[in-house]
Each structure stands twice: as C-alpha cells, then as structure tokens.
Amino acid sequence: MSLRVSLFLGDRLRENTLDWFRERNAKVEVFSCLEDCLDSARKSGTDVVVIDEESSPGGVGVGSALRKASKGVFIVFLTGPGTPPQDSVPEGADALLAFPIVQEELDRIFSAAAERLDPQMERPGAPEIRELWEISKVIASDLGTNAILDRIVESAIRVTLADSGSIMLLSQEPDTLYVAAAQGRDAVNRRNKAVHFDQSVAGWVARTGEPLLLQGGLRNDERFRHLPPARGGIRSSLCVPVKSPQRKLLGVLSLNVDDSLKYFTVKDLHLITIYASEAAAIIESSRAFDEMQSANDRLSKTNEKLKAIQAQLIESSKMAAVGLLASGIAHEFNNLLTGILGMSQLAQHTKKEKHIWKAIEVSETNSQKAKEIVKNLLKFSGRYKKVREKTEIAALVEEVLSLMGREFDKEGIVMRKHFDPEASAPVNRSEIQQVMLNLLINAKQAITGKGWVEIDVTQNRESVEISVKDSGCGIPEENMPRIFEPFFSTKSVLGGGENQGTGLGLSVSYGIIKGHGGEIRVESTVGVGSRFTLVLPKNPRRTKYYTDSLPVQDGERKRGPEVEPQPGAPVGTVLIVDDEWWIREFLKDTFEEIGYKVHTAGSGQEGLDIVEQVKPSIVFLDLVLPGCKGEDIATEMLARHPKLPIVLMTGKFESLEIIEKNLNRGIFGYLSKPFDVKDVYNLLNLGSRP
C-alpha cells in the first residue's frame with residue numbers, strides 16, 4: 001500500500017530520508033514550518049509524521065497537537081546521537097529513533113505504520129514458517145515440559161528479534177504468576193520467580209485475558225505508570241495470554257526489546273499468539289500426563305494393597321473352611337485315639353491274649369483311618385506341589401465328603417451320591433478339593449432345617465462333570481450375575497454372624513476351574529434350591545501329568561534288590577537311619593522277620609560310618625535328621641557308593657519336591673510317613689510277605 005508521509009526535519013536528514021521513503025512508493029511532503037505540517041495532517045490525513053526533535057523543541061506539545069489533528073497518525077520522533085533513556089520517549093509517540101538512522105530500523109517503522117492502517121494480518125514469511133515447523137518437531141519430541149517451553153521462548157525470540165522472553169504460569173497462590181521458562185536477560189535468576197498481578201505488565205494480561213503490544217516505555221501508558229522502571233530499560237513489550245482450548249487461562253507469554261532501535265509490531269503480536277497456542281497445548285498435555293501418571297501410581301499402589309489383602313483373605317477363607325471342620329475332625333481323632341489308648345491299656349493290665357489281639361486290631365484299624373484323615377487334610381491345605389495329575393474324580397470327591405460328613409449329619413442334612421467310579425481327569429487335587437469344600441459349605445448354609453444335598457460325578461468323551469445340588473433357599477435372580485464377583489456376599493461380613501463369609505469362595509472357585517480350562521454352570525430357583533456343575537476337560541491344553549510313584553526306566557518300574565530268603569543265611573544287609581527309635585525298631589523287626597541283617601543309626605554321621613563298615617544292600621534314610629539334612633547325607637553316600645540303593649523317608653509333605661528331585665538323580669525310592677509293612681514290601685517288590 002502507498003503511505004502518505006510528512007517530514008518535519010532539519011536539513012541534515014531531509015535528503016537521505018526523503019529518498020528512502022520515495023523508494024518505497026510513499027507520497028512524501030517536506031515541511032519547514034510546524035504549522036504547515038499540522039495543517040497538512042488535519043486536511044489530507046497524513047499516515048506517518050517524522051519529527052526531528054532538534055528542529056522542534058518541546059516534542060510533547062507537538063505530539064499532542066498531531067494527535068488532535070489526525071487521530072490515526074503514526075508519530076516518530078528522532079533524537080540526537082546516543083541511546084536515549086526509556087523515559088525520554090515523548091508522550092503519544094509511537095516510535096523513537098536515534099541519530100544516525102539505521103535503514104533496517106526505519107524499515108520496521110514503515111512496516112508498523114502499514115500494519116496499523118491495514119487490519120489484515122500479513123502471512124508469516126519463510127523464516128517464521130521454518131521456526132513454527134521446528135517448534136512443532138520439538139513439541140513432538142520426548143523432551144521434558146520445561147525444556148520444550150524453553151525452546152518455544154527461544155524460537156519466539158528469534159522470530160521477533162526480541163532480546164528476552166519468558167513463559168509465566170499461574171501459581172497456586174492467588175493472583176500470582178511464576179516464571180516457568182525464560183531466555184535472554186537475567187534468565188537464570190528469573191526462573192521460578194513469583195510475580196504478583198499488580199507488579200508486572202504480564203500480570204495485567206493475566207487479569208484481563210487480553211494481549212498487549214506496548215511501545216515507548218511504561219510511563220507512556222497510564223495503566224503501568226505505577227510500576228518501577230524495568231532494570232536496563234525496555235523499549236517495547238509484547239504479552240499474550242496462554243489459554244487452553246477451553247479458554248482457561250494457563251499463563252502469559254512475554255517478550256521484551258531492550259535496544260532503542262527495535263520495537264514490536266502487530267505482525268509480531270499475531271505470530272506470538274500462535275506460539276502461545278503451542279505452549280498451551282504442551283502445558284495441557286503435560287498436566288494431563290502428570291495427572292494420569294499420578295493416578296496410575298496411586299492405582300498401582302492400591303492394586304498391590306488389594307492383591308495382598310485378597311491373598312490374605314483367600315488364605316483366611318481356606319483356613320476358615322478348615323476351621324469349620326475342626327470340631328468334626330477333633331471328634332473323629334478323639335474317637336480313634338480312645339479306641340487305641342483304651343484297648344492298649346486294657347491289654348497291658350489283663351495280659352490276656354484276646355485283649356492283646358483286640359488292641360492290635362483296633363490300633364491298626366484306627367491308625368489307618370487317622371492316616372487317611374491327615375492325608376486328606378494335607379492335600380486340601382495345598383502342601384502338595386501344585387501340578388495336575390490324572391485323578392479319579394469320585395475318589396477325590398469322597399475325600400472331601402469324609403471331611404464334611406459329620407457336619408451334614410449334625411444338621412440333619414441327607415447326602416445323596418451318584419458316582420461314576422471310572423471318571424477321571426487331569427486336575428490339581430488340592431484346588432479341586434477346595435472348590436468342592438466351598439460348594440458343600442455353601443449348600444449347608446443355604447439349607448434351613450433338614451434338607452438334602454445331592455452330588456453326582458459323570459463323564460462323557462470330552463469332560464468330567466461334578467454336580468452339587470441342594471434343597472436350600474436358592475439365589476435371587478438379581479444376584480445371579482454377581483455371585484462370582486470377588487467380595488460379593490449375601491452372608492454377614494467376616495467376623496460376625498452365624499453364616500459369616502468373605503465373598504471369596506465362589507470367586508476363588510471360578511478362578512480355579514477356569515485355570516483348569518473348565519467352567520462352572522449355575523441353576524437356581526428361590527425357595528427350591530441351587531445346582532452348581534463343575535465341568536473339567538479330560539484333555540486341557542498344556543496340561544502336564546505328574547505322579548508321586550517310583551521312577552520309571554525304559555517303560556518299567558525300577559526294581560529293588562532281588563530277595564530270595566535262604567534258611568540260616570541273611571538275604572541282605574539293611575541300614576536304617578532315623579532319629580525316632582520306634583521307627584528304627586519297627587523297620588528293624590520288619591526286615592529281620594524276612595531274613596535281613598539290620599543295622600540302625602540315629603544320626604547322619606553315624607549312618608555314614610556304618611555304610612563304610614558294613615556295605616549295606618539298601619539304606620532307609622530319614623530326610624529330617626538332627627543337625628543335618630538327609631538329602632546331604634544321601635548325596636555323600638552316593639558319592640562314595642554310586643550304586644547304593646537309598647530310600648528316602650519323610651513325614652513332611654513339603655519335602656516331596658526334594659524327593660522328586662532326588663528320584664531323578666539316582667535315589668531308589670521314598671516312603672511317605674505314616675507308612676505300614678505293606679508299603680515297605682511293595683517298595684521292595686516283595687508282595688505280601690511275610
């Protein structure tokens with residue numbers, strides 16, 4: 001566009017300045033009289049007036065007169081040589097130049113005047129586009145928020161030729177900003193500095209939410225005359241609000257020019273508005289990420305606590321189930337021990353043969369019953385290695401029913417059973433027993449007064465099904481979708497009420513059956529009863545089969561030493577190492593009866609010494625010995641005599657993993673306490689001798 005320029009200059013400037021404006025197609029008028037200049041501005045609507053301060057003392061009055069003559073005129077004052085102080089800019093002036101004039105600076109004035117007259121923003125040139133492109137790449141990088149904000153300020157300074165800049169964000173303190181990113185003058189000291197709204201130009205922008213283009217120093221604007229002069233002097237300031245897409249104020253982007261030969265234009269204002277938008281995007285993203293990260297951390301900690309609590313409650317649920325059986329188990333053991341103790345004492349007192357044989361019979365029978373009870377309890381408690389093995393499901397269910405039988409009898413609940421004895425599937429015994437116990441306890445608690453529970457075990461080509469049906473109260477329809485949710489329970493809370501519960505029984509059972517590749521089906525009618533059906537696949541994916549029997553080599557069981565008793569001569573030599581004297585005596589008498597010569601030891605070292613002395617045919621070694629581990633003694637014996645058959649004995653179920661490992665490295669076999677004479681004979685392939 002073509003500008004109309006009036007020059008009121010001294011002779012020293014007139015020719016050069018006149019040529020410069022004419023080269024840019026400006027319509028130039030030169031005046032030697034101030035009144036003529038004012039009259040031209042009033043009549044012809046001058047766009048730009050350049051006044052030499054030396055030719056017109058008292059420039060304040062000249063500026064005021066020009067404003068009255070033409071409100072839209074762009075006024076430039078030219079001072080003498082040197083950099084003028086900030087406060088020397090005349091009131092009402094738009095720009096202040098120092099002599100000698102730099103053409104680049106005069107070019108900025110020309111552009112500023114053109115932008116004021118043309119409300120349409122000029123599109124950014126190539127340098128600005130490159131800067132914005134670089135900023136977009138920075139924002140997409142993995143730099144931290146503060147580093148990105150610093151890069152935004154740095155780029156804004158470059159594109160506007162500013163001397164310093166900063167991004168101030170709202171503080172938690174009311175009406176306060178703090179410097180989050182700063183570049184240029186005193187940047188290090190300004191970072192994180194708090195600034196109240198009333199103490200800065202940025203504070204005014206934050207309060208009003210409006211952008212600000214300030215030229216000519218603070219004293220030229222009545223809004224900021226109360227502020228102290230900026231240290232080092234500021235020629236021009238540019239402040240724009242940083243707002244979220246929802247127009248929420250986040251902070252202020254501020255740029256400053258210190259050099260007296262520079263000032264900001266409207267074009268700069270539009271450009272920096274783009275930078276403010278980019279800053280707002282990264283601030284919002286950073287805060288959202290921080291909030292999400294914080295929420296994730298809190299959630300992770302909560303999940304860890306919940307997992308720990310859930311594990312404790314699951315264990316408590318299992319122990320509560322065992323506790324429910326305690327009275328029945330105690331009753332059974334007391335009955336068994338009463339028979340053993342009573343008959344033994346009677347036999348000792350009378351010494352009659354019939355009482356002695358009766359005591360022997362009762363002791364054997366009751367001990368076998370006690371052995372089965374202990375075995376079932378230990379299996380249920382999960383002390384076995386958690387593996388799946390092919391299992392007769394009917395026998396497994398019977399083990400659980402033997403634990404619950406007295407409880408059902410006490411409540412007058414009739415138990416009906418329909419079992420397919422051939423049904424088998426690969427399962428973890430302890431886990432399926434826990435599921436069955438949970439279902440039976442639920443059935444018992446659902447029945448008020450007398451009733452019945454029906455248990456069916458059936459099979460088809462693909463699966464085995466266990467059905468538990470009761471004549472209880474049933475499950476309300478609105479509760480059916482939630483019965484497998486953790487902690488959902490219609491019973492009273494843990495620790496109170498007759499039918500207390502944690503709400504974990506069915507949820508744990510669901511997880512166990514799903515882990516076996518199966519499913520739980522539920523049918524229920526309020527007032528009639530419920531049926532829970534466990535479906536266990538016969539060939540689940542990735543199922544491993546384990547057995548706790550003797551090792552197998554080349555398709556046949558590993559055999560012990562061949563024994564053919566000869567009259568008058570021992571069939572072999574046995575070493576028994578155990579710290580319990582009655583176990584040593586039991587095995588000693590057993591082997592002597594079939595023709596073995598027997599040596600006994602009460603400690604591991606004693607056993608090692610005897611091995612060197614007598615070279616036994618076979619060793620029976622307890623895993624738990626005073627001051628040492630039976631496993632270590634076995635290792636030492638095999639190191640000295642690699643072909644020596646060793647049988648490990650243990651009364652602790654957690655030792656089964658140790659035994660299984662040793663079986664794979666040459667140990668002959670093992671006996672799990674309590675064992676009887678038949679177990680010993682079967683181990684040595686002696687059948688039912690003697």
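Predicted model: local features only at pLDDT ≥ 70, side-chain atom pairs only at ≥ 80, totals over all residues.
Trainee: Happy to! How are α11 and α12 oriented to each other?

Mentor: Helix α11 covers residues 393-411 and helix α12 covers residues 429-446. They pack at an angle of about 20°, with their axes 9 Å apart, and α11 passes α12 in a right-handed crossing. Since angles under 35 degrees count this way, α11 and α12 are therefore roughly parallel.

Trainee: What about α15 and α16: at what angle do they pack?

Mentor: Helix α15 (residues 604-614) and helix α16 (residues 630-640) have axes 10 Å apart. The crossing of α15 over α16 is right-handed, and the two helices are roughly parallel. Their packing angle is about 15°.

Trainee: Which residue forms a salt bridge with E612?

Mentor: The closest N and O atoms of this pair are 3.4 Å apart. The bridge links distant parts of the chain, from E612 in helix α15 to a partner in helix α16, 28 residues apart. E612 is partly exposed at 33% relative accessibility. Its partner is R640.

Trainee: Is W357 buried or exposed?

Mentor: W357 sits in helix α10 and makes a nonpolar surface patch of about 310 Å² together with I356 and I360. Its relative accessibility is 53%, and the cut-off is over 50%, so W357 counts as exposed.

Terms used:
Residues numbered from 1 in each chain as written. Heavy atoms only, no water. Patch = residues over 30% accessible without salt bridge, like charges linked within 9 Å, V, L, I, M, F, W, Y side chains within 5 Å. Areas by Shrake-Rupley, 256 points an atom, 1.4 Å probe, with all protein chains shown as cover. Salt bridge = Lys/Arg side-chain N within 4 Å of Asp/Glu carboxyl O. Helix = DSSP H or I, 4+ residues; strand = E, 2+ residues; numbered from the N terminus. Buried < 20%, exposed > 50% of the residue type's maximum accessible area, 1.4 Å probe, protein only. Axes fitted to C-alpha atoms, helices over the stretch in contact; angles between N-to-C directions. Parallel < 35°, antiparallel > 145°, perpendicular 65-115°, else oblique. Left-handed = near helix turned anticlockwise from the far one by under 90°.
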